[in-house]
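This briefing goes through one protein chain, from its overall build to a few individual residues. Please keep the sequence and the structure in view while reading.

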Amino acid sequence: MRDGRDATPVDVLIVGAGFAGIGMGIQLARRGRDSFVIIEQADDVGGTWRDNRYPGVSCDIPSHLYSFSFRPNPGWSRVFAEGREIHDYLRACVSEEGLDEHLRLNCALSEAEWNGAEARWHVRTTRGDFSAASLVIATGRLSEPKLPPIKNLDGFDGRWWHSARWNAKVSLVGKRVGLVGTGASAIQILPRLAAEASEIVVFQRSAPYILPRGDREYSREEMERFAADPGTVTALRDELFAEAERGIGARQRRHPDIDLLRQRALDHLATSVPEAGPRRLLTPDYEIGCKRILFSDDYYAALQLDHVQLEPTPLTRIADRGLVGVGGNRTAIATSGNSYELDVLVLATGFNSTRPSIAGHIRGRESRLLADEWSNGMAAHASTTVHGFPNMYVLDGPNAALGHNSAIYMIETQVSYVLSALDHLAAVGADALDVTAEAVRSYMQDIDTMAQDTVWVQGGCTSWYRDERTGRVTLLWPDSATSFRDRLATFVPSSYEHLHRPA
């Protein structure tokens, strides 16, 4: 990368304009730190809630908890907000907090490299170069669609797309549709899809645990009370947080917590699916919580409609064109050997979360590639800083997600940690902070110890919470959200090497 003489100088460069990037920007602006820019590769803010526009998209964390504590929204219309409403909330955050002037849309990061002589990051983007004292990676973990290993997928003569790239231009009315996957997106899509398609085949790799959702609209009286008394919103948020936080006991395989949770899910299945045969196919073969627990009031009902069929094995391949039936039918073949003539395939197959592609575009000290630093899985001290990458902070990355509570709480905790680091750097007069290898090693050892007896390791499944190569839990914080905030509450300078530009 060329030097930064022609680059735009900023104190902080934030990559990504989803919840994490916007939250970081708001807190910088509120503290009078005006020298920052947020780059976003898309044409709008919102991250996950901009990209996911599939029918039925909504959050499975209650609205008043899945929002910034410092920007409560008394106007949430439902207990669980739909995607468009969350997207509108984030857009309002940007405009009302004055972030528009700091935002660069259609601006993708091409390369970022640490320059030790200048103690700055040189960042090349599709809209020019920047020179930044600090780099904040806020690209999240639900931004890169994962395509399943379906042989000859490109040979499918119909239309296909990933759920995060929904093609609204194609009508599904009267179509024969294959829905690949039974995760969080799929169980929201199916009930809406079933209202349009003439036939649906749901390809299930593994059965999920599903709990009742209990969604509803807030009454006008409730919304008026929220608007009139902000304290009621705070109290509701605290109540929702405490209720969610109690879920960590089951994830840590404590009894009777896990037994009660498992039974609740199995009772919901038994009540919703009375026939033994279908219920057997929908009964998970692993411990509850090992994979993400899902929430729905209508998924099981949709599965039992006459025009919906469950295929309890993965979609393996698409028949060669020469084998396609007369009339232009498109044949999809499952692991079981069953074949289905379909017009459209919807791949609700999740995201590349443990090996983010951006790691292949960031170089730290001695030009070390972040992807190489993470070759054995993502690792960071305080789930935020990476050895050899000075003044770089990763939000919503290694061991910063939760399996039982709100991601926004975790993001706010990390943002506070980054602000503490920036304050410390200014106070001591150093040019950069580089977390020590020992601090990272010690932190990751603690993570592994905490994770060892949890359902994510002992639950008998594979999941996106764990690195696919090493099996380590690299996405989740394997303890309570409160313990994460306690752990990051104090910035410990001794965990960092203080760097100075050469004289």
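A residue is called buried when its relative accessible area is under 20%, exposed when that area is over 50%, and partly exposed in between. Ala 382 has a relative accessibility of 4%, so this residue counts as buried. The model is predicted, and the mean pLDDT of the protein chain is 95.

**Confidence**
- A pLDDT of at least 70 is reached by 97% of the residues.
- Residues 322-328 have a pLDDT under 50 throughout. For this stretch the model shows 6 contacts beyond four places in sequence.

**Overall build**
- The protein chain contains 15 helices and 20 strands.
- The radius of gyration of the protein chain is 24 Å, which agrees with the value near 23 Å that a compact globule of 503 residues would have.
- Along the principal axes, the C-alpha atoms occupy a box of roughly 75 × 55 × 45 Å.
- Of the 503 residues in the protein chain, 55% are buried.
- Among contacts with a separation of 6 or more, 72% join residues 24 or more positions apart.

**Surface and charge**
- The protein chain has an accessible surface of about 21500 Å², and carbon and sulfur atoms contribute 47% of that surface.

**Arg 50**
- Arg 50 belongs to helix H2, which covers residues 48-51.
- Arg 50 counts as buried because its relative accessibility is 9%, and buried means under 20%.
- Beyond its neighbours within four places in sequence, Arg 50 contacts Glu 40, Ala 42, Asp 44, Val 45 and His 87.

**Backbone features in loops**
- Asn 106 is not a glycine either, and has a positive phi of about 50 degrees. The loop that holds Asn 106 runs between strand E3 (103-104) and strand E4 (109-115).
- The relative accessible area of Asn 106 is 45%, so this residue is partly exposed.
- Between His 255 and Pro 256 the peptide bond is cis, with omega near 10 degrees. Pro 256 is located in the loop between helix H7 (248-251) and helix H8 (257-272).

Conventions:
Residues numbered from 1 in each chain as written. Predicted model: local features only at pLDDT ≥ 70, side-chain atom pairs only at ≥ 80, totals over all residues. Heavy atoms only, no water. pLDDT = per-residue confidence, 0-100. Contact = heavy atoms within 4.5 Å. Helix = DSSP H or I, 4+ residues; strand = E, 2+ residues; numbered from the N terminus. Rg over C-alpha atoms; globule rule 2.2 N^0.38 Å. Buried < 20%, exposed > 50% of the residue type's maximum accessible area, 1.4 Å probe, protein only. Areas by Shrake-Rupley, 256 points an atom, 1.4 Å probe, with all protein chains shown as cover.
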